[in-house]
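Visitor: Could you take me through one kind of contact in this protein, slowly and closely? I would like to hear about the salt bridges.

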Amino acid sequence: MFPIEDALEMIFVFDRAGVISYANTAAKLKLEYEEDLCGRRISDVFPGTFKATEDGFETDYQFGSELCSLVAYRKNLTCFPVEARIIESNDAQDVYICMANDILEKEHLNREITHVKQEAEQALKVKSEFVANVTHELRTPVNGVLGNTRELLAEVTDEHIMKYLRLIERCCDDMNKIINNILDFSKLEAGKFTLEPRKFHFRNMLDYARSQHINKLTEKGLGFFMTVSPQIPEHIIGDELRIVQILNNLLSNALKFTTVGKITVEVVKTAQVKDKIELFFIVKDTGIGIDKADKDKLFQSFSQVDASISRKYGGTGLGLNICKQLTELMGGKIEVESEKNKGTTFSFSIWVGICEEEEMPAQVDGDNAKANLFAMGPQDDGTDNTENMMQYGTPENKEALKKNLSKLILCVEMENWEKAEMFMETVRQLTQTAPREVSRVILKLKMAVQKESYEKVNAGYEELSSFL
């Protein structure tokens, strides 16, 4: 027989007459009886379940192994809730065994948990409202500074002053992007974000997304290719603003982390159910890439792969998390494949509606399954020479170095030091595998650009050109 006397749950035995013949220590303590619990009736402990009669007791309780919620009464007639199981003994007829646990503490904890949960939900609501109000209030002064700066840019002719005004304009634009991200994130977290689907021209939307990055693509000399499947109709029904937001975020990241090579965008139709079609987008770059171990960090809130990324490239770490939640709202998902120093490929799917009056394009097979929508930069021959370009001394590497050095010197001649630093970073990445003597020249050239020293930049340029 197991030591039931020391069990933590209350255990007592009673017969058909309702008289308790045994009670363990836990039962005596919980019910506040000492030695006089034996001989008491079961109806004294559970008066709401067992009613005393001349022959014994009456009850609607279904004896068995199932746990039931009962109310137990102490000797002083105060009560508390228990979870009880009452079974009929297999060894003796008309003998019953009751096993009960005091759940008063459990119910108290449940109430506490409910209360804490309600407080947390209220705090989250207050926080979300506070963040939304603050960001709205921030937008007013930022737009005020931006508007006045642009007015001054139209009037000022001094290049030195214009340089600082352009810097202020750029900072205000960056601040507005951060504010928009925080607002979107707050709405998504609070569950108050709603999509606004409407009919729009799909290819015009893609061209608009591309046009917002064309200046940066031209500055960096990157190849850009966008293709769209002819199976996708001209007009679709969806939230155009949010689709553009996802594309802009992915293209901005690709531009931010790509110094040489190309960026490609491809859109294909992958499924159709009645008047809904699934669109699959692929955004691929030849940038710095990330380690496989760091991929999971990309879609977390306020997270970047490492601290040096935010210091060097900026950003709040919210963009990709917002993209993830937006794609899920549109019935799809977003994924990433990447390899360090070889580039990154983001892919995402969404479901959109098709217009009843518009016929779906016919199925196209083979090489005609996608049509070139837009291409700029060097022609794409289907080969990926990015690895050769990053290897110092290869023909591709020398060609890329010459182009970026020429652009660097042109920016220096025009005293556009901000863009000069951008091309300097490209030159640095192109010479990562260079010999030590070349690396020394690169370091001196980088310091000269940062100090805006025209003479030292020219000297470094001449020295580096001699190696090429």
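Guide: Here is a walk through some of the salt bridges, pair by pair. Keep in mind that this is a predicted model; the mean pLDDT of the protein chain is 83, and 89% of its residues reach 70 or more. Over residues 364-369, though, the pLDDT is below 50. Side chains of opposite charge can pair when their charged atoms come close. In this model the count comes to 14 salt bridges.

Let's begin with Lys106 and Glu83, whose side chains meet at 3.6 Å, N to O. Lys106 belongs to helix H3 and Glu83 to strand E6, so their bridge ties together parts that are 23 residues apart in sequence. Lys106 is partly exposed because its relative accessible area is 44%, and Glu83 is partly exposed too, at 25%.

Next comes a pair that links distant parts of the chain: Glu452 sits in the loop between helices H13 and H14, while Lys163 is in helix H4, 289 residues apart. Their closest N and O atoms are 3.2 Å apart. Glu452 has a relative accessible area of 37%, so it counts as partly exposed, and Lys163 is partly exposed at 31%.

Arg428 and Glu425 form a salt bridge with closest N and O atoms 2.8 Å apart. Both lie in helix H12, and because they are 3 residues apart there, about one helical turn separates them. Arg428 is partly exposed at 23%, whereas Glu425, at 15%, counts as buried. Finally, salt bridges with shared partners join Arg150, Glu169 and Asp173 into one network.

Key:
Residues are numbered from 1 along each chain as its sequence is written. This is a predicted model: local features need pLDDT of at least 70, side-chain atom pairs count only at pLDDT 80 or more; totals for chains, interfaces and linings use all residues. Side-chain values use heavy atoms; hydrogens and water are left out. pLDDT is the predictor's confidence in each residue, from 0 to 100. Contact means heavy atoms within 4.5 Å. A salt bridge is a side-chain nitrogen of Lys or Arg within 4 Å of a carboxyl oxygen of Asp or Glu. Helices (H or I, at least four residues) and strands (E, at least two) are DSSP runs, numbered from the N terminus. Buried means under 20% relative accessible area, exposed over 50%, partly exposed in between (1.4 Å probe, protein chains only).
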